[in-house]
Protein chains: 2
Amino acid sequence: MAVQDKSITIVGLGLIGGSFAMTLKGLNPKNLWAVEKDEDIIITAQNRGIIDKGYREPDVPLRHSDIVIMCLYPDAAVSFVKDNMEHFKRGAVITDTVGIKAGLVKSINPLLRSDLDFVAGHPLAGREYKGLEFASVNVFAGASYIITPTERNNERALEMVENMVREAGFETVLRISPGQHDEIIALTSQLPHVIAAALINSGSGCEPGLFAAGSYKDTTRVARINSQLWTELLLGNRENVLARIESFEGCLAEIKNAIANNETQVLGTVLEEARIKREGIIRVLEKRL
Amino acid sequence: MAVQDKSITIVGLGLIGGSFAMTLKGLNPKNLWAVEKDEDIIITAQNRGIIDKGYREPDVPLRHSDIVIMCLYPDAAVSFVKDNMEHFKRGAVITDTVGIKAGLVKSINPLLRSDLDFVAGHPLAGREYKGLEFASVNVFAGASYIITPTERNNERALEMVENMVREAGFETVLRISPGQHDEIIALTSQLPHVIAAALINSGSGCEPGLFAAGSYKDTTRVARINSQLWTELLLGNRENVLARIESFEGCLAEIKNAIANNETQVLGTVLEEARIKREGIIRVLEKRL
């Protein structure tokens with residue numbers, strides 16, 4: 001419904017862009033094009049039939065696209081909008097999939113022609129692998145999609161993107177302000193990535209291998225990180241991430257001190273607090289993930 | 001082979017004891033008894049046919065048991081050996097499943113009659129749920145089992161336990177000293193549990209719910225902790241756990257400082273180090289878990 005009379009361009013055929021191509025192709029848009037610097041990836045995508053045509057330069061497809069989905073790193077997304085302002089079709093809706101939103105919206109909105117609408121979005125979906133080869137319609141199935149509107153958005157554009165991602169398989173679509181998004185995502189996504197990296201790095205000189213329990217595997221899973229992307233994401237949300245790391249450090253110190261001082265009752269109480277909190281959120285987590 | 005001519009008593013029908021009952025019953029031991037304080041659990045286990053008979057008091061089954069598997073908390077395991085020294089059958093092999101080993105071996109060995117052998121063991125298997133209702137033959141399938149021998153053990157007893165756990169579904173059986181065990185388990189199991197609890201506790205006032213990414217779910221999974229058991233496990237391995245927490249804190253501070261100082265290159269290098277290390281252990285982890 002949302003996409004059948006639309007020409008759509010996906011910019012960047014990585015894990016997320018590729019998954020968008022696969023899901024949207026199945027919805028029969030008028031045209032599904034891709035902009036991708038890597039010629040080999042374009043050929044692969046064309047051969048697999050997940051796009052109609054790929055372009056290394058964006059000007060031609062942009063001129064005819066009603067929806068442009070940027071699946072790029074944060075800085076690259078801003079540059080793409082800036083460099084292609086003259087190429088966007090009149091009235092086009094531009095959207096993105098970057099994991100931080102406040103700085104991005106602040107950078108992109110002032111660049112826009114008055115006829116264009118930028119709908120900032122964040123799919124809460126991913127894998128600890130990158131690239132088109134790991135893209136799949138399953139990446140989006142049942143996940144949440146966050147839209148972060150500003151006063152500049154018109155309702156029609158917001159709904160168009162919301163309907164599109166619902167049709168692409170996202171189960172829940174949420175609206176929240178860019179600032180609130182960055183605050184909460186610092187806890188629910190960025191802090192776990194920082195922790196995973198620190199935990200893996202702290203194991204130097206030790207071969208966990210056969211001694212690793214399931215807890216170690218799960219806690220370090222996302223340490224298999226896309227370091228370039230995550231450097232941008234963490235530095236792009238510095239204040240919130242730092243606040244969350246410090247809050248975590250405080251809670252860790254609480255447990256450490258209880259262990260150091262052999263305080264059975266304090267330790268038991270802190271661990272029991274964790275159990276109760278984790279059980280409190282388990283239903284919504286298990287339902288979704 | 002290892003168990004068909006043996007009478008075995010499992011002490012404690014929780015998640016691990018119950019899973020042992022289910023797997024060993026399928027191997028047709030001469031007798032499979034259980035000692036369990038909770039009469040309801042005994043009745044359930046007997047009705048489901050996963051034990052031949054359950055007892056609230058240990059003296060009768062112990063007198064005829066060739067193998068005694070204690071599936072108890074650390075302190076309870078020591079007390080059980082102490083309180084029942086006169087009841088163990090001559091030449092019996094006693095084993096346990098406690099997650100820390102050095103202190104346990106040091107406490108139990110001096111209590112033993114000279115004809116008894118205590119084989120300290122640790123199944124690297126578990127769930128973030130407790131109790132017989134979550135026990136299953138799948139809990140052990142493909143997991144590792146660690147045996148921590150001392151000079152007091154005789155080879156026949158060690159091999160009997162090793163063969164038994166292999167037949168119960170454990171894929172890899174490893175021998176390591178009690179001290180080395182506690183050092184490595186502080187990193188590969190205890191630290192992840194501490195981190196999960198601290199992460200959940202640090203989220204107070206924030207409702208992650210629908211905004212939680214897969215990383216948050218995985219990193220907090222084991223925060224649904226058995227607080228009484230884990231208080232004993234952490235305090236029973238204090239020095240090693242504290243050293244691991246401090247090493248982790250150092251690695252976390254490294255990332256935090258790079259973010260605070262906006263050091264793109266430092267941050268990228270640290271994250272890339274994590275990625276490489278995680279990929280280096282991925283094969284052995286994915287194979288096993």
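Because the model is predicted, local features are reported at pLDDT of at least 70 and side-chain atom pairs at pLDDT 80 or more, whereas totals for chains, interfaces and linings use all residues. Residues are numbered from 1 along each chain as its sequence is written, while chains are lettered from A and ligands numbered from 1 in the order in which they are written. Chain B can be laid on chain A with an RMSD of 0.0 Å, the superposition being by least squares on the C-alpha atoms of residues with pLDDT of at least 70 in both copies.

**Contact between the chains**

- The contact takes 77 residues from chain A and 78 residues from chain B, where two residues are in contact if their C-beta atoms, placed from the backbone, lie within 7 Å.
- On the side of chain B that touches chain A, two or more residues come from each of strand 9 (172-175), helix 7 (178-202), helix 8 (214-220), helix 9 (227-235), helix 10 (238-260) and helix 11 (264-288) of chain B; helices (H or I, at least four residues) and strands (E, at least two) are DSSP runs numbered from the N terminus.
- Helix 7 of chain B gives the largest share of that side, with 17 residues.
- Sorted by class, the side of chain B that touches chain A has 45 nonpolar, 20 polar and 13 charged residues, with Ala, Val, Leu, Ile, Met, Phe, Trp, Tyr, Cys and Pro counted as nonpolar, Asp, Glu, Lys and Arg as charged, and the others, Gly among them, as polar.

- In chain B, the C-alpha nearest the axis belongs to B:Thr219 and lies 2.2 Å from it.
- The same surface serves both copies, since 99% of the contact residues of chain B recur in chain A.

**Nonpolar core**

- The largest nonpolar core has 192 residues, of which A:Ala21, A:Ala197, B:Ala21 and B:Ala197 touch the most other members; such a core is a set of buried Ala, Val, Leu, Ile, Met, Phe, Trp, Tyr and Cys residues joined through C-beta atoms within 7 Å.
- Leaving aside neighbours within four places in sequence, B:Ala197 is in contact with A:Ile255, A:Val270, A:Leu271 and A:Ala274 of chain A, and with B:Ala223 and B:Ile225 of chain B.

**Helix 6 in chains A and B**

- Helix 6 (residues 155-167) of chain A has 13 residues, and its end C-alpha atoms are 18 Å apart, which agrees with the 18 Å that it should span at 1.5 Å a residue; the expected span is 1.5 Å times one less than the number of residues.
- A:Ala157, A:Val161, A:Met164 and A:Val165 are the buried residues named in helix 6 of chain A, a residue being buried if 20 or more other C-beta atoms lie within 10 Å of its own, exposed if 12 or fewer, and partly exposed in between, with C-beta atoms placed from the backbone.
- Seen down the axis of helix 6 of chain A, its buried residues fall within an arc of 90°, so they line one face of the helix; the arc is that of the directions from the helix axis to the C-beta atoms.
- On the other side of helix 6 of chain A, A:Glu155 and A:Arg156 are exposed.
- The buried residues of helix 6 of chain A pack against several strands of chain A, including strand 4 (67-70), strand 5 (93-96) and strand 8 (144-147).
- In helix 6 of chain B, the buried residues are B:Ala157, B:Val161, B:Met164 and B:Val165, and they fall within an arc of 95° seen down the helix axis, so they line one face of the helix.

**A:Ala77**

- A:Ala77, which has its place in helix 4 (residues 74-83) of chain A, is buried, with 23 other C-beta atoms within 10 Å.
- Not counting residues up to four places away in sequence, A:Ala77 touches A:Met70, A:Leu72, A:Asp96, A:Val98 and A:Leu104.

**Positive phi in loops**

- Most residues other than glycine have a negative phi.
- B:Asn28, in the loop between helix 1 (15-25) and strand 2 (31-35) of chain B, has a positive phi of about 55° although it is not a glycine.
- B:Asn262, in the loop between helix 10 and helix 11 of chain B, has a positive phi of about 60° and is exposed, with 10 other C-beta atoms within 10 Å.
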